[in-house]
Amino acid sequence: MLPKHTTQLFSPAESVRLAIVLAGAGLAFAHQVCEVPAAVDFAFFLVLVVVVGIPHGAVDHLVDEQCLKYRHQNFSTFRFLLKYLVQMLAYAGLWLIFPGFSLLLFLLFSVWHFGESDMQPAPRHPIWSVVKFALGSLVLFFILLREPDLTGDLVYRITLSNPVAREVWTTAVIYQRPVILGLGVLLLCSFLLAQHREPVKHSGRGWLQFVVVLVVVSVLPLLPAFAVYFAGWHSLNTFQHMNEFLAAEGSDQSLWKKAMPFTLLAIVFLAGVALFWWNVFSHLDPLPVLFIFFAIITLPHLLIMHRMFRAKTVLQ
């Protein structure tokens, strides 16, 4: 969570974050003074995911190439795409057979991914692993609680009406304060212990921005709340981590431009899938399929980012 040194008041990434936070705050204000159509929330979510979210996963091939380079192995675009596709197909098969387990697996991967990214730089010490997991759990649970009924209904639909999944979420909502307090205590205690064992310097400025993002998240509905965190915090941080790992001479904006080919490909692919769904399966519930689809295409990215952070730790 260390911002790059700059003589400007805000770095380019911080300027984008500020714009997203202000837009999120404006949307939250609109929700307080009038009835905002659901389409507006969805459009807000879609714009941030397309402009910032998707590009941060569209340079996975460059990250994978660099990981292999550090291990003195050759990179092949064909092998990369094949491995990406095989992982997606395997996870899709798991969703078809065990939707409840697949959802749990995706949530655990997401928790670790968010915590691992937000706590950079951090040593590969077991205590630091607890810190990452506690932070990721706290953030994800906090976001999902923005609209607990909607989240519960989505979980029920994703798991094909699994009563156990719904009961687990209902129990979590009922005891949300003890859960959040417990995760907060675990985060604080493990962080203090980790700092005592293997101290790491973190940026107070970065943590302040993190808190501001979460404040805005706390007053937004589920979709825009997730978009503000995902685009305004997580994706921008990950861009910086990737830029540092790739030892790129350009700025984060340069890396964003390099992401454009695969970003455009992803957008065209998603548009094609949406059009096909609209014409063939419009009578079916789209939300579970949409969530599962995003989970499937996200998993390989989470695995690549984990390899990147492991490699960065070894290099430090």
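Predicted model: local features only at pLDDT ≥ 70, side-chain atom pairs only at ≥ 80, totals over all residues.
**Exercise 1. Find the place of Ser137, then say whether Ser137 is buried or exposed and which residues it contacts.**

Solution. Step one: Ser137 belongs to helix α6, residues 126–144. Helices are DSSP runs of H or I with at least four residues, and strands are runs of E with at least two, numbered from the N terminus. Step two: the relative accessible area of Ser137 is 12%, so Ser137 is buried. Step three: with neighbours within four places in sequence left aside, Ser137 is in contact with Val111 and Leu183. Contact means heavy atoms within 4.5 Å.

**Exercise 2. Describe how α6 packs with helix α10.**

Solution. Helix α10 covers residues 204–217, and the angle between α6 and α10 is about 25°, with their axes 10 Å apart. Because of this angle, α6 is roughly parallel to α10. Leu135, Val139, Phe142 and Ile143 of α6 meet Trp207, Phe210, Leu214 and Val217 of α10. By class, this contact has eight nonpolar, no polar and no charged residues. Axes are lines fitted to C-alpha atoms, for helices over the stretch in contact, and angles run from 0 to 180 degrees between N-to-C directions. Angles under 35 degrees count as roughly parallel, over 145 as roughly antiparallel, 65 to 115 as roughly perpendicular and the rest as oblique. Ala, Val, Leu, Ile, Met, Phe, Trp, Tyr, Cys and Pro count as nonpolar, Asp, Glu, Lys and Arg as charged, and the others, Gly among them, as polar.

**Exercise 3. Describe the contact of helix α1 with helix α2.**

Solution. The axes of α1 (residues 12–33) and α2 (residues 38–56) come within 12 Å and cross at roughly 170°. The angle therefore makes α1 roughly antiparallel to α2. On the α1 side the contact is made by Ile20, Ala23, Gly24, Leu27 and His31, and on the α2 side by Val40, Asp41, Phe44, Leu48 and Val52. These residues divide into seven nonpolar, two polar and one charged.

**Exercise 4. Locate His72 and state its phi.**

Solution. His72 lies in the loop between α3 (60–70) and α4 (77–97). Its phi is positive, about 60°, although His72 is not a glycine. With a relative accessible area of 75%, His72 is exposed.

**Exercise 5. Work out the surroundings of Leu255.**

Solution. Leu255 is found in helix α12, residues 252–258. Leu255 counts as buried because its relative accessibility is 3%. Residues up to four places away in sequence are not counted; Leu255 then touches Val59, Leu62, Phe239, Met242, Asn243 and Leu246. Val59 is 196 residues from Leu255 along the chain, and their C-alpha atoms are separated by 8.0 Å.

Definitions and conventions
Residues numbered from 1 in each chain as written. Heavy atoms only, no water. Buried < 20%, exposed > 50% of the residue type's maximum accessible area, 1.4 Å probe, protein only.
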